[in-house]
Amino acid sequence: SPLETTKRKVAHSDQHGFSVFPDQVRVPNVIVMVGLPARGKTYISKKLCRYLKWTGFKTKVFNVGEYRRTDANAADAIHGANASFFSPDNADALKVRTEAAGRAMEDMADYLNSGAGAVAIFDATNTTKFRRKTIIEFCKNNTLRCFFIESVCDDPAIIDSNVTDVKVNSPDYKGLMSAEQAKEDFMNRIENYKKQYEPIEESEDEKLSFIKVINAGRSFKVHQVQGHVQSRVVYFLMNIHLLPRSIFLTRHGESEYNAMGRLGGDSPLTEDGRKYAVALGEFFEEESVQNLRVWCSQKVRAAQTAQYLRPEMHAEYWKALDELDAGICEGLTYEDIQQRYPKQADDRAADKYHYRYPSGESYEDVVSRLEPVIMELERQANVLVVSHQAVLRCILAYFYDRPLSELPFIDIPLHSLVKLTPRAYHCDSTIYKLDLETGEWDETSAQLP
Ligand SMILES: O=c1[nH]cnc2c1c(-c1ccccc1)cn2-c1ccc(Br)cc1
């Protein structure tokens, strides 16, 4: 059961409260969501999980609703999720809901105690002190750090966008009733929870660590943040926003080195590359994106690709957007590398994400230097990024929630423009591929992941 003690060697705190690690073992973290339905708990859970995984923390969301839905007898007991299932005086339904939470906690303990995971996100309402007390006990018994994220919101516009965007299409209601009925039933479900709702108070537990997010990030209350992961979580939550916008990503146009099959360098565009730059300028004349910002790498081929965009787009040049540094292999072709450094070629093929070129970088290094770029992209509205293949693979892996091992293999052809529009739980993505002969853009759309 989740209440048995852990086998892991663990940290303890010194007299100042700083962690002292016996052998540098990090204490795993449990992030616990708190809030009424339609307060963005799943939105935060998924987005936070995606960010923490991308920065290298093995993270997993444990959504109690999914445990409840997979629980066969739950379905019989309540014929889908009408509001009565959630009324506090429906004893057997309360039992099913509690069991689902218990199984989610057991799986969380296994995930963290086995060392498979570093961070678990417990996505449930957790709206009573009693339920939170159970979780705090569970964390103490498993020597896990516990951090609560409570989302409070009384802005009807935000709640309404959630209910319509997400709830009405949720598996709880699929095919059971019309959208209007689902919405009404959902609002009743919220009323049921309100009867029992006890907002977080620091007096609940002397070592309680939490952040209250108010009205989707309009304001915050942060209390007793402990350790690296919790401070990264707070920082992330203070930088994201819900406003609709698009992020455009493109590689530079074809460069002289591309034409010769050579890696890296700082060569200018070829004639074809220049054609792409001209077409890109025309694209944004027609698309006329509101207040578009342009972020370029500091390589000549990227700056030349952006040269036909309007000056008022405030092109900024980020070194962090430069291509992966191939070190001793800069300027070589893959054949050169195979002949001169066969072992390097084998090592790279064995683990393309962690492989670092001698005197150069790995994809892992590029992800690290892109973290500030990702954080600034989260803060901004409409942005066009003009960069390089390896860099765009890292950025796309973040928005597409791709595993890091797959990141180096994401396909990004030359002369194609990616338009990302982040939605609640996925990204709408359109790829515009330029046909150099006709000057026409070929458009294909997808929902990712
Ligand atoms: O509904 C909500 N109420 C309250 N806070 C909400 C939502 C949603 C939301 C909205 C629409 C669809 C899916 C989720 C996101 N956040 C949110 C929470 C914290 C931060 Br920092 C940013 C956004």
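A216 is found in the loop between β7 (210–214) and β8 (219–223); helices (H or I, at least four residues) and strands (E, at least two) are DSSP runs, numbered from the N terminus. The model is predicted: local features need pLDDT of at least 70, and side-chain atom pairs count only at pLDDT 80 or more, while totals for chains, interfaces and linings use all residues. Residues are numbered from 1 along each chain as its sequence is written, and side-chain values use heavy atoms, with hydrogens and water left out.

**Backbone angles**

- A216 has a positive phi of about 60 degrees, although A216 is not a glycine.
- Most residues other than glycine have a negative phi.
- At 37% relative accessibility, A216 counts as partly exposed; buried means under 20% relative accessible area, exposed over 50%, and partly exposed in between (1.4 Å probe, protein chains only).
- S359 also has a positive phi of about 60 degrees and is not a glycine.
- S359 sits in the loop between α13 and α14, and with a relative accessible area of 65% S359 is exposed.

**The loop between α13 and α14**

- H354 is found in this loop, between α13 (342–350) and α14 (363–379).
- The relative accessible area of H354 is 44%, so H354 is partly exposed.
- A polar contact of 2.9 Å joins the side chains of H354 and D351. A polar contact is a pair of N or O atoms within 3.5 Å; within protein, one must be able to donate a hydrogen and the other to accept it, and residues adjacent in sequence count only if both atoms are side-chain atoms.
- H354 is in contact with S362 and E364, leaving aside its neighbours within four places in sequence; contact means heavy atoms within 4.5 Å.
- H354 and S405 are 51 residues apart along the chain, and their C-alpha atoms are separated by 8.8 Å.
- P358 is placed in the loop between α13 and α14 and counts as partly exposed, at 26% relative accessibility.
- Not counting residues up to four places away in sequence, P358 touches A326, G327, I328 and Q344.
- From C-alpha to C-alpha, P358 and Y173 are 55 Å apart in space, and they are 185 residues apart in sequence.

**The ligand**

- The ligand is surrounded by 17 residues, of which the closest are A38, R39, I158, N162 and L237. A residue is near a molecule or strand if one of its heavy atoms lies within 4 Å of it.
- An oxygen atom of the ligand is 2.9 Å from an N or O atom in the side chain of N162.
- An oxygen atom of the ligand is 3.3 Å from a polar backbone atom of A38, and a nitrogen atom of the ligand is 3.3 Å from a polar backbone atom of R39.
- Taken alone the ligand exposes 510 Å², and the protein buries 99% of that. Accessible areas come from the Shrake-Rupley method with a 1.4 Å probe; for residues, only the protein chains shown count as cover.
- At least two residues of the shell come from each of α1 (41–54) and α6 (156–165); α6 gives the most, with three residues.
- The shell divides into 12 nonpolar residues, four polar and one charged. Ala, Val, Leu, Ile, Met, Phe, Trp, Tyr, Cys and Pro count as nonpolar, Asp, Glu, Lys and Arg as charged, and the others, Gly among them, as polar.

**Nonpolar cores**

- The largest nonpolar core has 66 residues, and I149 and I395 touch the most other members. A nonpolar core is a set of buried Ala, Val, Leu, Ile, Met, Phe, Trp, Tyr and Cys residues joined through side-chain atoms within 4.5 Å.
- Helix α15 (residues 389–400) gives the most to this core, with 10 residues.
- I395 touches L249, L321, L370, I374, L377 and V385, not counting residues up to four places away in sequence.
- Apart from this core lies another, of 27 residues, among them A101, A109, A120 and F122.

- L280 has its place in helix α10 (residues 271–287) and is buried, with a relative accessible area of 0%.
- Leaving out residues up to four places away in sequence, L280 touches T250, T305, L309, L417 and W441.
- L280 and L417 are 137 residues apart in sequence, and 8.5 Å apart in space from C-alpha to C-alpha.
- C329 lies in the loop between β11 (316–317) and α12 (334–340) and counts as buried, at 0% relative accessibility.
- C329 is in contact with L263, I337, Y341 and Y357, leaving aside its neighbours within four places in sequence.
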